[in-house]
Amino acid sequence: MNKKVWIAAVALVAVVAVLLGIWFLSRPKADENLKTITVTIAHENGVDNTYTWQTKATTLAEAMNEKSLLGESVDGMYLTVDGETTDFNANQSWWCLYENDQSTVEGADTLIIEDGDHFRWEYTI
């Protein structure tokens, strides 16, 4: 290999290394606080609405309020979810909340969310 080709090859490698270094240092950083969650609401009429989004919220209630999916609550129990209201006094209906297919003992106001969580609200009679 002649000397000019060798110098050109080394220069090309150096330029590529510098450009890769600049890209690596200036690329957007992943936001460690950003979580992707999925929420399914199973309505009384049998229709399921599923929503998936990214959030920086800490609790399920905070995240769902970003999407206006929660409404009226009494003593931490939500009566209205995704526009549908339960009435325990009229027909003993209520919202049952599941996290990753497990029934929760916590309410949405205190339920801490993690990246990849799936929540399900079921209209229950």
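Among contacts in the protein chain (heavy atoms within 4.5 Å) between residues at least 6 apart in sequence, 48% link residues at least 24 apart. The model is predicted: local features need pLDDT of at least 70 and side-chain atom pairs count only at pLDDT 80 or more, while totals for chains, interfaces and linings use all residues. Residues are numbered from 1 along each chain as its sequence is written, and side-chain values use heavy atoms, with hydrogens and water left out.

The overall dimensions come next. The radius of gyration of the protein chain, taken over C-alpha atoms, is 25 Å, whereas a compact globule of 125 residues would have a value near 14 Å. That expectation follows a rule of 2.2 Å times the number of residues to the power 0.38. Along the principal axes, the C-alpha atoms fill a box of roughly 90 × 25 × 25 Å.

Of the 125 residues, 29% are buried; buried means under 20% relative accessible area, exposed over 50%, and partly exposed in between, with a 1.4 Å probe and protein chains only. The accessible surface (Shrake-Rupley method, 1.4 Å probe) comes to about 8400 Å², and carbon and sulfur atoms account for 57% of that surface. The protein chain carries 8 positive and 19 negative side chains, and 30 Å separates the centres of the two sets. Here Lys and Arg count as positive and Asp and Glu as negative, without His and the chain ends; each charge is placed at NZ of Lys, CZ of Arg, CG of Asp or CD of Glu.

Three helices and nine strands make up the secondary structure of the protein chain. These elements are DSSP runs numbered from the N terminus: helices are H or I with at least four residues, and strands are E with at least two. From the N terminus on, their order is α-β-β-α-β-β-β-β-α-β-β-β.

Which strands form the open sheet? Five do, in the order S2-S1-S9-S7-S8, with mixed pairing. S2 and strand S8 (102–103) stand at the edges with a single partner strand each, so one side of each has no neighbour in the sheet. Two strands count as paired if DSSP finds at least two bridges between them. In general, strands of a sheet pair through backbone hydrogen bonds, either parallel or antiparallel.

Strand S1 (residues 35–42) is mostly covered, with seven of its eight residues buried. S1 runs antiparallel to strand S2 (residues 48–55), and eight bridges join the two. Within this pair, threonine 36 has glutamine 54 in S2 as its bridge partner. Five residues lie between the strands of this hairpin, where glycine 46 takes a positive phi near 90°. S1 also pairs with strand S9 (residues 118–124), in the parallel sense over five bridges; threonine 40 stands opposite arginine 120 in S9. Strand S7 (residues 94–99) pairs with S9 in the antiparallel sense over six bridges, and tyrosine 98 likewise stands opposite arginine 120 in S9.

Is aspartate 82 buried or exposed? Aspartate 82 counts as buried because its relative accessibility is 17%. Asparagine 100, in the loop between S7 and S8, has a positive phi near 50°. With 37% relative accessibility, asparagine 100 counts as partly exposed.
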